[in-house]
Amino acid sequence: PYGGGGGYGGGAGGGCYGPPPQTQAPSGGGGGGGGGGRRGRRSGKDGVSLLVRNLSADITTQDLEQAFRRIGEVRDVYIPTDYHSRQPKGFAFIEYATQEQASDAKNEMN
């Protein structure tokens, strides 16, 4: 009904989807989401993040960093907050420099 082609992928029978083309070339200055008091990354290399659940509403990024840094290099601590209430959602992400450190933290803190 929309002129042939079978969906977003353009191939017959659908099943093939590609994301829409970018309308703006990526630049070094712009930024997406984030927020929530996130700290900047300490290096350009991506680390490995752990999801930590069932956190108290009183927990801070400093508390989590102190607890998890004894296991390895903590690059980032992010506690998501509700957009409207600004209250913590009860979970956090702890980013480690290496897979080994993240695995050690998971095993020790679980």
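Val-77 is buried in this predicted model, with a relative accessibility of 1%.

What about the rest of strand 2: buried or exposed? Here 5 of the 5 residues are buried, so strand 2 is largely enclosed by the rest of the structure. Its partner is strand 3: the two run antiparallel and are joined by 4 bridges. Within that pairing, Asp-76 stands opposite Glu-95 of strand 3.

Glu-95 deserves a moment. It is found in strand 3, residues 92-96, and it counts as buried because its relative accessibility is 3%. So what does the side chain of Glu-95 reach? It reaches the backbone nitrogen of Gly-47, at 3.2 Å.

**The overall layout**

Stepping back, the protein chain has 2 helices and 3 strands, and reading along the sequence gives the pattern β-α-β-β-α. Of its 110 residues, 22% count as buried. The accessible surface comes to about 8,100 Å², and carbon and sulfur atoms account for 48% of that. As for how the chain folds back on itself, take the contacts between residues at least 6 apart in sequence: 60% of them join residues at least 24 apart.

**The core**

The largest nonpolar core has 14 residues. Which of them have the most contacts inside it? They are Leu-64, Phe-68, Val-74, Ile-94, Tyr-96 and Ala-105. The elements giving two or more residues to this core are strand 1 (48-52), helix 1 (61-68), strand 2, strand 3 and helix 2 (99-109). Strand 3 gives the most, with 3 residues.

Ile-94 is a handy spot from which to look around. Setting aside neighbours within four places in sequence, Ile-94 touches Val-48, Ser-49, Leu-50 and Val-52, among others. Its contacts also include Leu-64 and Phe-68, along with Val-74, Asp-76 and Val-77. Two of these partners, Leu-64 and Phe-68, are listed with Ile-94 among the core residues with the most contacts.

In helix 1, the buried residues are Leu-64, Glu-65 and Phe-68. They sit on the same side of helix 1 because they cover an arc of only 100 degrees around the axis. An α-helix has 3.6 residues a turn, so residues three or four places apart point the same way. On the other side of helix 1, Gln-62 and Gln-66 are exposed. The cover over the buried residues of helix 1 includes strand 1, strand 2, strand 3 and helix 2.

Now for helix 2. Gln-101, Ala-102 and Ala-105 are buried there. Again the arc is only 100 degrees around the axis, which means these residues share one side of helix 2. Exposed Glu-100 and Asn-107 are carried on the face turned away from that buried side. Cover for the buried residues of helix 2 includes strand 1, helix 1 and strand 3. Ala-105 also turns up among the core residues with the most contacts.

Most residues other than glycine have a negative phi. Where in the chain are Asn-54 and Arg-86 found? Asn-54 is in the loop between strand 1 and helix 1, while Arg-86 is in the loop between strand 2 and strand 3. Each has a positive phi without being a glycine. Their values are set out here.

| Residue | Phi | Relative accessible area |
|---|---|---|
| Asn-54 | about 60 degrees | 77% |
| Arg-86 | near 65 degrees | 55% |

Both residues count as exposed because their relative accessible areas, 77% for Asn-54 and 55% for Arg-86, lie over the 50% cut-off.

Terms used. Residues are numbered from 1 along each chain as its sequence is written. This is a predicted model: local features need pLDDT of at least 70, side-chain atom pairs count only at pLDDT 80 or more; totals for chains, interfaces and linings use all residues. Side-chain values use heavy atoms; hydrogens and water are left out. Buried means under 20% relative accessible area, exposed over 50%, partly exposed in between (1.4 Å probe, protein chains only). A polar contact is a pair of N or O atoms within 3.5 Å; within protein, one must be able to donate a hydrogen and the other to accept it, and residues adjacent in sequence count only if both atoms are side-chain atoms. A nonpolar core is a set of buried Ala, Val, Leu, Ile, Met, Phe, Trp, Tyr and Cys residues joined through side-chain atoms within 4.5 Å. Contact means heavy atoms within 4.5 Å. Accessible areas come from the Shrake-Rupley method with a 1.4 Å probe; for residues, only the protein chains shown count as cover. The arc is that of the directions from the helix axis to the C-beta atoms. Two strands pair if DSSP finds at least two bridges between them.
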